[in-house]
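User: I've got a structure open here and would like to talk through a few of its details. Can you take my questions one at a time?

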Amino acid sequence: MKLEIKKLPQSQLELTVEIPAQDVEKYFNQAARNLSQNLKKPGFRPGHIPIKIVEQEIGQERFWQEAASEALKKSYVKIILDNKIEAIGLPQIQIIKIAPKNPFIYKAIISVLPKIELPDYRKIKVKKKKVKVDQKEFTKLLLNLQKNRSKYKKVERGAKIGDAIEIDFKTYLNSIPIDNGESKNHPLILGEGKFALGFEDKLVGMRTGEKKEFVLRFPKDYHQKNLADRNVEFRVEMKEIEERILPNLDDNFAKSLGEFKDLADLKEKLQQNLELEVEQKEKDRLDLEIMEKIAEKTDFELPETLIQAEVRKMIEELKNMVLVSGGEYEKYLRHIKKTEEDLKKDFGPRAEKRVKIGLILREIAKKEKINVQEEEVEKEQKKTLERYQHDPKTMEKIQSEEYKDYLRSLIQNRKVFEFLEKITT
């Protein structure tokens, strides 16, 4: 078998393969055996019908395709293994020549893992920041717990910050209604700032049944480009006002949450959780700084196959996020006025960064002999299964080999970051 390897841009190789005629013959024979399994011909057993008869029965094109498939499967795998090529994904195959008693020639374009020359990352230094819990965050968390247990009662007075209200509203641009700019019985908590900047301030003091018209200037960086830096007209009717009554912050409130002995226990657990959170944020910041310093000193071609795969992964992550938040992906796209193709372009630079960091982590793990034991993967898998024991569909996914590969990579990356933190801080 003759092989010519040509290097292409974007971490690709072009393989030109020529299989000699005498070897091609066995692939035609194998094709005949495969295809004749389902043929019924008087005087012949299935799988033992002569080549010429098989070719006549099923047609030359299909017969030759089967022979080519056999030749490709055997030769391609052998080439990859013998030449220690780290191929990614499926190859692009172009058959140049195939015929009985002739050499079989084909080309295969494959993406490969790039060769990475790592900098001396042991010389890289980063500074770990001292972190502490912001007491404002602690107070905010307690207040949110109270809000989640709050009760409401209808009031006949002007709306105040903190009230739960319902409104009907319509929006206009130059007196023309805006697409999807209308809502009825729209729920809102005054003061949470979940609407256009300044909108909620205009509603303070309004009473049930009262109508109001006003204009707001939208910011230059507003996500809906057609409204950015423009005056938008609103027509609002107050439908309902409810006063929020917060529960007392005491031992009974703490016990009502189900897992705390008293208020002191609740505060202690919240403090611990917030400390873990700020420590994790600092760890994430530190890891990112380390990787960015290594990445800026590391230059190599990124495989387009991996970039596109990462973009698809990011799209799926976005779909799941929209779904979990109770939305619909198609409606979300319409809301941000973008197509999925637009998102793919937007995600491109981030996908490249993620791929580059992933490949650098893999190379460091290889160089430092940082491995993952099967028991570690199984332990992580078991923990994840326990969290989703009431979700059969998710459990099935967690038990797949694909998910185990994901966990293996996750654990390895975690170990690499732990190693880097030790030598750089």
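User: Is E316 buried, partly exposed or exposed?
Analyst: Bear in mind that this is a predicted model. E316 comes out at 40% relative accessibility. Buried would need under 20% and exposed over 50%, so E316 counts as partly exposed.

User: How many degrees of arc do the buried residues of helix 11 cover?
Analyst: Helix 11 (residues 374-387) buries V377, E380, Q381, T384 and L385. These residues are on the same side of helix 11, because their arc around the axis is only 140 degrees.

User: And what does that buried side of helix 11 pack against?
Analyst: Turned away from the buried side is a face with the exposed residues E375, K379 and K382. The buried residues themselves pack against helix 12 (392-398) and helix 13 (401-424).

User: Over to the sheet: which strands are at its edges?
Analyst: The sheet is open, with 4 strands in the order 1-2-4-3 and antiparallel pairing. An edge strand pairs on one side only, and that picks out strand 1 (2-8) and strand 3 (87-97).

User: How many bridges join strand 2 and strand 4, and what stands opposite E18?
Analyst: Strand 2 (residues 12-19) pairs with strand 4 (residues 104-112) in the antiparallel sense over 8 bridges. As for E18, the residue opposite in strand 4 is I105.

User: What angle does helix 3 make with strand 4?
Analyst: Helix 3 (residues 60-82) packs on the sheet and touches strand 1, strand 2, strand 3 and strand 4. Between the directions of helix 3 and strand 4, the angle is about 50 degrees.

User: Last one: which residues does K283 touch, leaving out those up to four places away in sequence?
Analyst: K283 sits in helix 7 (residues 263-295) and counts as partly exposed, at 26% relative accessibility. Its contacts, on your terms, are F417 and E421.

Notes: Residues are numbered from 1 along each chain as its sequence is written. This is a predicted model: local features need pLDDT of at least 70, side-chain atom pairs count only at pLDDT 80 or more; totals for chains, interfaces and linings use all residues. Side-chain values use heavy atoms; hydrogens and water are left out. Helices (H or I, at least four residues) and strands (E, at least two) are DSSP runs, numbered from the N terminus. Buried means under 20% relative accessible area, exposed over 50%, partly exposed in between (1.4 Å probe, protein chains only). Contact means heavy atoms within 4.5 Å. Two strands pair if DSSP finds at least two bridges between them. Axes are lines fitted to C-alpha atoms, for helices over the stretch in contact, and angles run from 0 to 180 degrees between N-to-C directions. The arc is that of the directions from the helix axis to the C-beta atoms.
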